[in-house]
Amino acid sequence: MFSKILIANRGEIALRVIRAARELGISTVAVYSEADEESLHVRTADEQVCIGPPMSARSYLNMESIIDAARKTGAEAVHPGYGYLAESGKFARACREAGLLFIGPSPETLELAGDKIRAKAVIGEAGVPVVPSSPDGVASVEEAAGYAAEIGYPVMIKASAGGGGRGIRMCADEEALREDFPVARAEVKAAFGDDCLYVEKCLVDPRHIEFQILADRHGNVIHLGERECSIQRRYQKLIEEAPSTALTHEKRAAMGAASIAAARAVDYLNAGTVEFLLDRDGNFYFMEINARIQVEHPVTEMVTGVDLVKEQMRIADGDRLEYTFDDLNLRGWAIECRINTEDPDRHFLPSPGTVAQYRPPGGFGVRLDTHLYQGYDLPVFYDSLVAKLIGYDLTRAGAIRVLRRALQEFTIQPVKTTIPLYRKILDDPAFQQGEIHTGTIKRFVPDEEDDDEDD
Amino acid sequence: MSKRVEVRAPMSGVFYRRPAPDEPPYVEVGDTVKKKQVLALLETMKVFQKIKSPAAGKIVEIAAENEAALKDDDLIFVIET
């Protein structure tokens, strides 16, 4: 095993990686911006190197500066965390060229996974179900209606040029499609100067189900079960859990096998996540592959007992995966709340400031991954995710009880956080029944339409 | 009768005078602005907010530097109405 690792990140994930490395006897190097001198990851690591000014573009995204820090400290490996440079093929390549071990997939896989359309095509060819759509571009309303009949209503008409919701039309039936197609085409032509449209199956209130995967250098690819991440706002996950109430044993096996096939199709290495949408009829469709450790990885760790960050280091070092999903003794239920310093009553407006009062929860079944401490000054330059609170118990109802109790104990003041929102969701009967989908959040937050009311 | 109207930061954040690095600033000193016209952007924890003019008038002072980290209530613009 390598003896020194540089963590190219900040916040809770930098701490998470430092802790895993320390348990493996690996010495740690933190990098930090001028705004992060007082951050916990800097204090916790064995060595620390300042890599630039506060703005991420000049520090945490500054490849040269980070690689330089690794060289100076003699680090042999780099863990990118999530976000920042984690999925940058260019950074992975720069590490390789500098003789550093990048803890993640190859630059080639990162580039393929990052190109969502190409990834979908490659993974679809490998036999993994993808959201059915016309193969890029329908020339006429007749052709559109033909494809729609084939894939089944409702369908979405989308623009190839895409962006900002322009040209997107949901059509419940053929009549609506015949009416909307010309309108969508005109709108797209005006917006992008290109009127190429395609037809895609529209899933009504699907669930977001993703599978954790691990792949070693010896051709072993395994999955570690699913995470349910349907509670999300604007594609940002808020609550995640493992397992999901929506999967039977058979469905889990089928989706697990599809995840492994997807990983193999892109020649995956290290830890990753394969994301699916699951419709009401139990059909699942590949969405994308996230080529990194994810924010919500702890829920999988809690139910499998596998430390995913340590596995990342072990695999990167050339170790073999000598177990599969069937060898894991899955036990209990874990639910995570992402605590952001945002005001849920004011359209999730960020709430920076000093954490004058900090009282973390504890006790049986509680895991807290955070970089907060009493008196910490939240920098305005970085993400508002400040803590991940995970409740664990043998049953889902028990995990909800643990989490509600922990949220009640958790004090972060005077900044606003999403804690009150999570209390409401956990008290909700439908949530408690596990009846959730990607639209569930709408019942708990003000109408999205109001966001820019004075524009 | 002209009046001085101050525009202050609604919260702490990074101040941007331009919509993008390669585009011209939203406003310069001496420009006439309308009420609710966008004057600048403020980035707080990766969220961008538009700083809008509270009144119609003329920009007489730009107190904040582009890309500066502002504190809550820092003076940004002075507008003469």
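This briefing describes a predicted model of a complex, first as a whole and then by topic. Residues are numbered from 1 along each chain as its sequence is written, while chains are lettered from A in the order in which they are written.

**Confidence**
- The predictor gives the complex an ipTM of 0.88 and a pTM of 0.91.
- For chain B, the mean pLDDT is 94, and 100% of its residues reach 70 or more.

**Chain A as a whole**
- Along its principal axes, the C-alpha trace of chain A spans about 65 × 45 × 45 Å.
- Of the 455 residues of chain A, 46% count as buried (20 or more other C-beta atoms, placed from the backbone, within 10 Å of a residue's own).

**Contact between the chains**
- Ten residues from chain B and nine residues from chain A take part in the contact, where two residues are in contact if their C-beta atoms, placed from the backbone, lie within 7 Å.
- The side of chain B that touches chain A has five nonpolar (Ala, Val, Leu, Ile, Met, Phe, Trp, Tyr, Cys and Pro), two charged (Asp, Glu, Lys and Arg) and three polar residues (the others, Gly among them).

Terms used
Predicted model: local features only at pLDDT ≥ 70, side-chain atom pairs only at ≥ 80, totals over all residues. pLDDT = per-residue confidence, 0-100. Buried ≥ 20, exposed ≤ 12 C-beta atoms within 10 Å, placed from the backbone.
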